[in-house]
Amino acid sequence: MIISFSGCSKNNNDNSVIFRCSGGWYIPPAFHGNPFVQGGDGTHIYFIFDSLFFFIPKTEELVPRLGLTVEDGKDLKSLIIKIRQDVTWHDGKPFTPEDIKSSFLILYLQGWGGNLNDIRVIDKDSVSFEWKQPMTVIEKRNILLEKIKAPNHLYLPWVKKAENILKKVRELNAIDYKKWTEKEKKINQLIQLEKNDALQDMYKFRPENPVGTGAFKVSFVGASEMEMVKYGKSWCSDKVSVDKIKLLRGPSNDVLWAFLIAGDVDASHPATPADVATQILRLNNKTKMVTPSDYGEFGFLFNTKKSPMSDIKFRKAIAHLINKDTIRMVSSFYSKTSDNYNIPIIDSLKSKFINGKILTGFTNYDYSPEKAINILEKSGYKKDESGFYNTPSGEEIKLEIASIAGYSDWVLASESFATQLTKSGIKANVRTLEGSYFHQQLQNNNFDIASNFGSDFKMYAHPATSFGRFFDKNGYIKRASALSDNVNGRDGIRINLQEQVDLIVGDKMKENVSLPLKKLSWVANEYLPFLPIYEKNLTVFIVDGERVTGWPQANDSVWSSSSSGIESLYSFLISTGRVHK
């Protein structure tokens, strides 16, 4: 591997077909080949590693990759996967079912697979995942879509430790945890320590380069560029006409716009306002734009623990006060403004999972300053001499809207939100925070209002992920909003949110609407921990015919895969030959 610290590009004097896109990775010397720990992660993993299947959310199609077929066991507690033959790792070692077992056992050390009972290699073609209880949709899709990143011949020492730990867990689980004595509790504590020790030891593993089964392998890592070359022995190499992948470091939207305007990349998806998009398209007639859904809904998170956001009537007044379409146009012009119901299902999938009749009787949060003023005045909020509202107890209201610095679309949305509030008599300002500090403040409930994503159907296209985000005890929205664990339902009967969301996660839903889905939709709408503004559409710019061609049409369902990592889609299109020289 060649490592550059200068930030200069590596010269290319040959006639190689190079696909260029933006990305992120750890700058040398921090870069290494263990993808399970900091330093090994980055955009390159989409081109280096394969999953068992490639998922197209819009059609729910599973396209075979390393896996060929998948079969449920009769009791729904097992999943049998038949794998592709004649696959090799980048170091020339053959790919086998043991490698699938290894990859998921390493993930087990990291906390995946709480209901895992065993991973069993059946024969040279097949592997079985065995579960303690019937597998949920999310558990299945997690297995089928996860990248296979731990070749057995490289991770064997930690795989053996993980197998030994899993065996101890099976023995412990033979006893109902409700009947555990101090002996069993002590054993469980020792198991957790053993798992952590194995994990920490594995994190010390620092191979020079990642070893995958994908169509490309790393050849050059620098401060501003990374290059990967075609792996000639890849199982899909006969379909790949691209010789190299070049990643350009793109830390912010404005840098990515510059790449597109200069013609430096073949594909990129920065959040882009309409005027900048028009300029990009005008300057290069080979550039096209597609706007697939990101399968997530952007909006504002309310801290229900902190006054005045703790007052549900105040939250509802704000919901009527805000013009969502105005925010969408200044923040993410090509996205779709959310409707007037605040349930954890993105608008484009609502008809798939719920019957519209269940919204009968739900509060319709239409844009109505008149309704907002009426709610505020009836609740005791009064304006002072300056024309700004005070709380019913006479305290000044001054809201702070938190956003992440560098997320230009989030910041623009927050500024529009604050402006609308201030013009309506509620003082508000925007505070931008560094990413990790922002998330820390939210999880510590140290904010008033914050920009963020609420509903999130990325990767799985199933309500369980989104409702878990809102109502699971460890869900991002649940924790940040400080919503109570138990609330009164529509019928006045107390609802335990965790119990209800567990039913949704385990539900085999397709077209049917389950009772917990109805109950929690009502809770989300009426308790209002989150106000959705728009279902985000990505602005994906593709250059067709400069270096590569064959991009799908804008209405092709494959674009829905953009939501689970668009570089994964680029890799899929290149490795299947759809995008070619």
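Predicted model: local features only at pLDDT ≥ 70, side-chain atom pairs only at ≥ 80, totals over all residues.
1. Tyr155 has a relative accessibility of 2% and therefore counts as buried, and Trp158, at 9% relative accessibility, counts as buried as well.

2. A search of the whole structure returns 29 aromatic pairs. One of them joins Phe54 and Phe572, whose rings are stacked, with 3.9 Å from centre to centre and 0° between the planes. Because Phe54 belongs to strand β3 (residues 53–56) and Phe572 to helix α18 (residues 566–575), this pair ties together parts of the structure that are 518 residues apart in sequence. Both Phe54 and Phe572 are buried.

3. Tyr155 and Trp158, the residues of the opening point, also form an aromatic pair, in this case edge-to-face, with a centre-to-centre distance of 6.1 Å and an angle of 65° between the planes. Both residues lie in helix α4 (residues 152–173), and because they are three residues apart there, about one helical turn separates Tyr155 from Trp158.

4. Beyond individual pairs, one aromatic cluster is formed by Phe298, Phe300, Tyr407, Trp410, Phe417, Phe438, Phe453 and Tyr534; a colleague inspecting the structure may wish to display these residues together.

Methods: Residues numbered from 1 in each chain as written. Heavy atoms only, no water. Phe/Tyr/Trp six-rings, centres within 6.5 Å; stacked < 30°, edge-to-face > 60°. Helix = DSSP H or I, 4+ residues; strand = E, 2+ residues; numbered from the N terminus. Buried < 20%, exposed > 50% of the residue type's maximum accessible area, 1.4 Å probe, protein only.
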